Every structure is written in C-alpha cells, then in structure tokens.
Amino acid sequence: MLKRTHLAASVLLLALSSLLMPAQAENAPVTNGDTLKKIKARGELVCGVHPARHGFAAINSKGQWEGLDVDFCRALASAVFGDPSKVRFTPLSTAQRFMALQSGEVDVLSRNTTATLTNDVALGISFAPPNFYTGTGFMVRANSGVKKIEDLDGATVCVTPSSTERNVAQIFGSRNLHYTPVVIENNKEYVAAYLSGRCDVIARDKVALPGILAFDTDKPQDHVILPGMYSKEPLAMAVRKGDSQWYDIVKWVVYATFDAEEMDVNQSNVDEKLKSTDPDVQALLGVTGGFGQKLGLDDKWVYNIVKQVGNYGDIYNRHFGPNSPEPLARDLNNQWNKGGLLYGLPIR
C-alpha cells in the first residue's frame with residue numbers, strides 16, 4: 001500500500017512538472033526596463049499572492065487583503081508610486097503561481113515561495129533576498145501520544161502539493177519511517193481532512209501551524225505542534241528573468257526594510273529621522289545620494305515605504321508580533337546583529 005501511495009505521489013509530481021514545461025516555452029518576452037514601464041502605464045502593480053494563508057496573505061473581515069506577503073507588495077507599490085494602495089492582488093494556487101509569473105500575468109510573486117536552485121535556475125525566474133525563514137513542522141492531536149517525529153511511524157500525513165510534500169518524503173525516508181500521504185491542494189479541504197480524522201498529522205511550514213490552531217480549530221488545546229523544524233524554507237519574492245531593473249527594485253525594496261529596522265527608522269519616527277545627521281540614514285531616506293534615481297525611482301522611495309508600510313520589524317509585528325492573533329518569536333527572522341539572518345546590504 002505504501003509503495004502504491006508513493007507511486008501515485010510521483011505520478012502527481014510528474015504531471016505538475018509537465019504542466020510547467022509548456023509555460024516555460026510560452027514565457028512572455030521581457031527586456032530590461034519593460035516591467036516598470038508597464039506597471040506605471042497600467043497605474044498599479046499586479047502581485048501574485050496565496051489565496052488564504054494566515055499571517056501572509058488572506059482577506060480579512062473587512063474584505064481587505066492583509067499579511068506579510070501582502071505588505072511587501074504594498075511596499076513595492078510605495079516605492080514605485082508613493083502609494084501603497086496602487087496594487088492589485090491576484091490569488092494563485094501552488095500549481096498556478098510559476099505559470100502566472102512566467103506568462104507576465106503578475107509582475108511579482110509574493111506567495112510563500114521557497115528559493116531553491118531548481119526554482120531559481122529551471123523556471124526562468126529570479127528570487128529577491130529571503131524575507132522569511134521557516135521550515136517543515138508537524139501538528140498532531142494532543143491525545144495521540146506523539147511527542148517527536150519518530151513516533152509518527154505508520155501515520156497518515158496531510159500535505160499540500162508543494163515543497164512540503166517533498167520534504168515529508170525525505171524526513172520520513174531518512175529515518176526509515178513509513179507513512180501514507182494525503183495530498184490536497186485546497187487549503188480549507190486540507191485542514192478539514194486533518195480535523196475530520198482522515199489524517200493523523202498535518203505537515204506544513206511551521207510558521208503556518210499557529211494560524212491553523214488559532215483560526216481553523218474549535219479547540220486549539222486539543223492539538224499540539226511538535227518541537228523542531230525539519231527543513232530549510234527561505235521564502236522570497238520572485239520576478240521573471242530578463243528585466244534586471246525590475247529585479248533590482250524588488251531586491252532593494254526588501255533590503256530597504258531590513259536597513260530601516262537596523263537603523264531604527266520606523267513608521268512612527270521616520271519624519272523625525274529626516275533631520276538625522278547620520279550619513280547612512282540620510283542616504284536611506286533620500287536626503288542625500290540620489291540613490292532612488294539609480295533604480296528609476298523617486299529618491300524618497302525608502303521614506304515612502306517606511307512611512308506608508310513600515311520597516312521589516314513593523315511589518316513582522318503587525319502579523320506575528322506579541323499583539324497579533326498568532327504571535328511568533330522572531331528567531332531567524334531577526335536582524336543579523338540580534339541572532340537572525342536578516343542582513344540588508346548598504347545603500348550607498
């Protein structure tokens with residue numbers, strides 16, 4: 001039974017790969033400078049996001065998009081237009097995301113996408129610096145008796161057709177553990193399958209599990225997230241290869257949010273910081289240097305990002321901070337000088 005299940009999973013992966021191949025052949029051609037011109041002519045940025053992932057991209061009770069990935073789209077709109085509202089969000093499934101970017105349907109992908117060698121080299125896309133670090137985690141019922149990954153031998157595991165599916169196969173295989181995957185694309189159906197008892201365990205990027213506990217379970221205390229993180233998942237925005245100007249803009253928008261936090265320039269004090277005599281702060285906020293012009297943007301591009309959306313800490317705390325619905329420690333998603341992996345290159 002286990003071999004047949006893995007064979008089915010392999011067939012599914014091959015089918016998805018075959019879907020991607022025509023998309024690569026039909027990529028809309030792009031040359032340097034094209035993307036920014038089209039965005040400005042259109043009057044808005046088109047950003048591909050997850051259809052519904054708590055903390056990253058979801059529509060709230062007011063009908064508004066919110067989440068960390070959503071805010072990075074808004075930061076791009078602030079850099080380009082000086083207005084974070086000039087962005088249209090396009091929800092994309094796992095199977096749709098790369099094709100939508102390759103075809104030019106979206107200008108940028110900000111959708112919980114892991115930067116890997118294959119994704120970077122084989123799909124005709126380029127990744128910005130990672131803006132969130134996570135890894136595969138597992139959630140089980142509190143009364144299951146499961147305390148560690150080794151206790152899951154023989155379990156039925158709910159996964160989505162994504163890198164998590166591949167990670168689970170490697171995690172169990174490397175430990176000689178047997179399991180039966182239940183692969184479901186739709187997020188609600190995937191969670192419902194676990195809650196109904198169809199699966200013994202749910203596997204997901206660990207950062208997503210607190211959101212499932214908080215929003216999708218009636219009794220969060222009946223479930224536990226196992227300790228440990230079992231893969232490397234550096235999540236990053238992506239653009240099509242071929243337009244180096246647009247890639248530079250997306251890349252430096254991410255770095256700017258890192259740099260602003262490191263320099264203690266945030267939403268609440270950015271106007272006061274315009275008076276700073278620190279040359280690095282002056283360069284960051286466009287008081288000196290003319291660095292925005294080098295990107296084809298206004299020199300106040302970083303000021304607009306921080307004022308209208310925030311630095312990285314502002315964005316993180318809005319969705320994962322102590323007062324958010326799903327608090328999550330910064331850990332790797334902290335500044336390099338505070339034990340994390342965020343390292344903004346200097347704007348100079």
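Modeller: UniProt positions are given here in the numbering of the model, with shortened feature names, and an annotation may be inferred rather than shown by experiment. The unreviewed UniProt entry places "domain: Solute-binding protein family 3/N-terminal" at residues 44–273. The model is predicted, so local features are taken at pLDDT of at least 70 and side-chain atom pairs at pLDDT 80 or more, while totals for chains, interfaces and linings use all residues. Residues are numbered from 1 along each chain, and side-chain values use heavy atoms, without hydrogens or water.

Helices (H or I, at least four residues) and strands (E, at least two) are DSSP runs numbered from the N terminus.

Helix 2 covers residues 34–42. Thr35, Leu36 and Ile39 of this helix are buried (under 20% relative accessible area with a 1.4 Å probe, protein chains only; exposed is over 50% and partly exposed lies in between). Viewed down the axis of helix 2, the buried residues fall within an arc of 95°, so they line one face; the arc is taken from the directions of the C-beta atoms from the helix axis. Lys37 and Ala41, both exposed, are on the face turned away from the buried side of helix 2. The buried residues of helix 2 pack against strand 1 (45–49), helix 3 (68–81), helix 9 (244–262) and helix 12 (291–295), where contact means heavy atoms within 4.5 Å. After helix 2 comes Gly43, with a positive phi near 85°.

Next, the spaces. On a 1 Å grid over the protein atoms alone, a cavity is a set of points where a 1.4 Å probe fits but cannot get out; a pocket is an open set with protein on both sides within 12 Å along at least five of seven lines; lining residues have an atom within 4 Å of a point. Points are joined across faces, edges and corners, and volume is the space filled by probe spheres set on them.

There are 2 cavities of 30 Å³ or more. The largest cavity has a volume of about 60 Å³, and its lining consists of Ala52, Arg53, His54, Asn187, Arg204, Ala208, Ile212 and Asp216. By class these are 3 nonpolar, 2 polar and 3 charged residues (nonpolar: Ala, Val, Leu, Ile, Met, Phe, Trp, Tyr, Cys and Pro; charged: Asp, Glu, Lys and Arg; polar: the others, Gly among them). The second largest cavity holds about 30 Å³. Residues lining the second largest cavity include Asp69, Ser110, Arg111 and Asn131, and its lining has 3 nonpolar, 4 polar and 2 charged residues.

The second largest pocket holds about 310 Å³. This pocket is lined by 13 residues, of which His54, Gly55, Glu66, Phe215 and Pro325 are closest to its centre. Strand 2 (58–59) and helix 14 (312–320) each give at least two residues to the lining of the second largest pocket, which has 5 nonpolar, 5 polar and 3 charged residues.

Lastly, the backbone. Most residues other than glycine have a negative phi. Asn176, however, has a positive phi near 55°; Asn176 is in the loop between helix 6 (163–174) and strand 10 (179–183), and its relative accessibility of 65% makes it exposed.
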